[in-house]
Amino acid sequence: MIKRILKILLVIILLLAIGSWFFIQRNKPVYSGKLQLNNLEDKVTVYYDDIGVPHIYAQNKNDAYVALGYVHAQDRLWQMELLRRIAPGRLSELFGKELIKTDKFFRGLGIETASKNAINELDTTSQYYKLSMAYLNGINQFIEEGTTPIEFRLIGIDKENYTLNDIYNVFGYMGFSFAMAHKTDPLLTNIKDKLGATYLADLDIKTNPKATLIENYNQKSKNDIASSISASANDIFQNTKIPPFIGSNSWVIGAKKTKNNKVIFANDPHIGFAQPAVWFQSHIVTPDFEIYGFNLGLTPFPLLGHNRNYAYGLTMLANDDVDFYEEPDKAEYQKRRETIKVKDGEDVVFEVKVGKHGPIMNDFIDMIGEEKNIAMDWIYTNPELKNEILYASYQISHANSLNEFKKGASKIIAPGLNIMYGDSKNNIAWFASAKLYTRDTDLNTKFILDGGNGIDDQINYIDFKNNPQAINPPWGYVYSANNQPDAIQGVYYPGYYVPENRAKRIVNILQPKDDFDKEDVKKMIIDDKSAVVSDLVSVVIENLSKANLSENEKIAINILNNWEGDYKTSLTAPTIYTKFIYRFIENTFADEMGEEGFQQFLGTKLYHRQIAKQILMRKSVWWNDITTKDIKENRDEIFTKSFHETITALEKQFGEDIQQWTWDKAVSVTHKHAFDKVPILKNIFNIGPFKTNGGNGVLNNQNFSINNIGKYEVNAGPSTRRIIDFSDVENSIAILPTGQSGNVFSKHYKNQAQKYLEGGFYKMMLNKEEIERSKDKLILEPKK
């Protein structure tokens with residue numbers, strides 16, 4: 001009897017194994033063989049290299065872009081589906097009521113309306129329009145004939161064809177995630193109204209001309225309302241299911257500063273970590289065109305790319321392109337009705353008013369209430385400005401000269417980008433690409449403005465030629481790290497720039513050396529040493545009280561005194577310093593801001609900027625703890641209190657042995673899939689957790705939120721690392737955080753993860769003979 005049961009069980013297990021094998025084979029991407037597609041004029045050959053990058057060889061561009069759409073979709077259709085749904089507010093159709101708030105917010109912003117307006121102005125005879133339609137055609141052919149990603153089946157949704165509107169909505173989401181005003185302006189208004197100008201004066205909201213700035217060179221009660229907006233923006237960023245864009249590094253080293261007298265280009269955009277990875281790599285070759293590019297889901301033209309002639313990339317400019325206005329009671333509005341479909345729930349219907357300064361946020365942020373109408377004026381959705389983001393992305397990826405490239409960069413109005421450029425002719429350049437503007441009055445736009453006085457909204461747009469930029473500067477390099485650009489015509493352009501930490505480190509490395517090679521740049525791009533923390537630590541240790549120190553506190557001081565500012569997994573100093581910073585920031589600001597306001601503060605770039613300024617200020621109104629009566633605290637007392645609390649907390653967290661407080665025990669990274677909150681699925685679709693070098697504010701920027709718990713989950717970092725050396729362009733290198741494919745059954749789903757953590761790279765192959773040796777070869781033929 002037992003033998004019979006065992007035989008039956010064995011048969012069942014065998015059948016399940018066979019069934020699983022067939023299921024996986026049927027549902028993984030097709031990397032070899034032959035397929036027939038419509039709208040091809042000739043045969044297209046796609047070689048997949050060892051990391052799954054498709055090298056597309058076509059006889060014309062139209063065929064190449066049909067092929068790109070098809071191969072992009074078969075590896076990333078689920079990612080495309082998420083991206084298409086954010087801006088028009090359609091995530092609730094997939095995930096139910098938990099995403100209603102997010103959908104309502106994005107519907108209210110009016111991105112989809114702006115997308116439709118931009119599409120209506122497209123030149124349908126243009127090359128960029130035709131190639132975009134060819135790309136969409138390839139995607140839609142995969143939808144109709146390819147396999148359905150397992151995520152669609154698990155959620156129970158049907159595939160839908162894609163349109164130009166979806167492409168523009170992706171750009172709109174990118175623009176929103178770059179904007180920081182949603183978090184910062186309402187918070188500062190709240191501080192101003194609750195605490196007054198004295199408290200604002202000590203915050204780092206003005207440009208410090210002595211900080212590391214990107215140099216130009218061109219040869220030719222509003223209290224509750226404010227809190228609601230800021231809190232909602234923080235919440236929205238955490239619940240989109242798609243990673244936000246947060247920052248980046250890039251530098252381009254001119255020929256006179258390299259060993260081989262040719263330009264070296266480096267770029268690592270910092271974006272929220274998720275699975276699939278943000279970028280999809282591809283290589284297109286036709287008789288008259290070549291580009292090795294990195295595409296976002298649903299974007300036909302790569303935002304990062306290179307060929308044998310030039311390379312380009314981007315970082316976030318962080319300019320101020322959003323203003324909030326309190327509208328007068330008698331303001332006039334147009335109204336639109338919105339309906340959100342909710343999985344397993346009733347439709348949500350609401351009305352949005354749109355006035356002179358944009359949509360009224362009260363209509364889609366429930367917490368604001370109805371006392372005062374707050375409008376959001378955003379450059380990206382401004383109907384008076386022509387949105388040419390599709391043309392711009394085409395132009396920068398198809399340029400034949402620096403001037404043609406600059407023309408493309410000039411067409412970007414939002415999001416604000418630092419566009420970086422280097423070429424084989426030894427030109428280097430940086431452009432602040434955005435629709436910048438000035439005001440007739442000296443107005444601080446980091447507060448909610450008056451929408452009825454006829455003064456606060458008077459602006460003058462700046463011609464692109466006057467934007468911050470540098471072309472072939474005499475110092476021999478250009479860079480950007482989301483820091484403040486230098487003044488133009490004596491004025492620092494307002495924005496939400498990060499502190500100088502990464503910028504200072506870049507300049508400190510680039511300035512003194514004149515013989516860079518690719519190996520130097522490889523080391524630099526994963527550098528984890530802070531340019532500022534050693535000086536800040538010295539100030540803290542010098543000024544905290546040394547009375548009644550415990551043995552561990554004495555050891556900790558010695559460790560910090562000998563720390564060079566590097567964030568390596570084996571070190572204890574980063575753990576001590578990061579914990580101290582949280583205790584120091586909380587002890588300084590939380591009593592005045594309150595718990596909710598303090599958490600909002602931690603969600604802004606302002607808190608990062610404030611760390612150095614606050615540590616260096618002997619006198620500040622923030623030092624006093626308003627919860628202690630008849631006592632007025634000073635800086636040294638806050639230092640001392642925070643240090644004692646730090647060591648006590650770490651002893652409780654890691655034990656008495658201070659040598660065990662290593663950074664790898666405090667920080668980790670997991671690349672989370674949209675199914676992360678489903679316990680039975682997260683271990684299948686997530687990648688990680690991993691230990692990692694790096695931290696906040698270093699070149700290997702592993703971004704995390706500081707907290708009182710002392711466990712830091714990295715939520716963002718380098719979304720790719722790219723190095724193009726024009727003295728050896730065929731051996732240029734790059735890496736993704738996880739893998740090329742978003743299909744969990746693909747061999748390329750996570751095959752780059754370990755090498756990424758180790759600081760390694762893969763070749764971006766351009767040599768045809770080398771590419772043709774690839775094991776996987778897919779032939780796409782015209783359908784008969």
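Trainee: Which does Glu-338 count as, buried or exposed?

Mentor: Glu-338 counts as buried, at 13% relative accessibility. Buried means under 20% relative accessible area, exposed over 50%, and partly exposed in between, with a 1.4 Å probe and protein chains only. A word on the basis: this is a predicted model, where local features need pLDDT of at least 70, side-chain atom pairs count only at pLDDT 80 or more, and totals for chains, interfaces and linings use all residues. Residues are numbered from 1 along each chain as its sequence is written, and side-chain values use heavy atoms, leaving out hydrogens and water.

Glu-338 has a charged partner. Its side chain meets that of Arg-336 in a salt bridge, 2.7 Å from N to O. The term requires a side-chain nitrogen of Lys or Arg within 4 Å of a carboxyl oxygen of Asp or Glu. The whole structure holds 34 salt bridges.

Now the sheet. Strands β11, β12 and β13 form an open sheet in that order, with antiparallel pairing. Strands here are DSSP runs of E, at least two residues long, and helices are runs of H or I, at least four, numbered from the N terminus. Two strands pair if DSSP finds at least two bridges between them. β11 (334-340) and β13 (358-359) stand at the edges with a single partner strand each, so one side of each lacks a neighbour in the sheet. β12 (residues 348-355) pairs with β13 over two bridges. Gly-355 stands opposite Gly-358 in β13.

Compare another salt bridge. Asp-527 and Arg-505 meet at 2.9 Å, N to O. Asp-527 lies in the loop between α15 (518-525) and α16, and Arg-505 in helix α14 (residues 501-510), so the pair ties together parts that are 22 residues apart in sequence. Asp-527 counts as buried at 14% relative accessibility. Arg-505 is buried too, at 17%.

Lys-513 and Asp-520 form a further bridge, with the closest N and O atoms 3.6 Å apart. Here Lys-513 is partly exposed at 26%, and Asp-520 is partly exposed at 22%.
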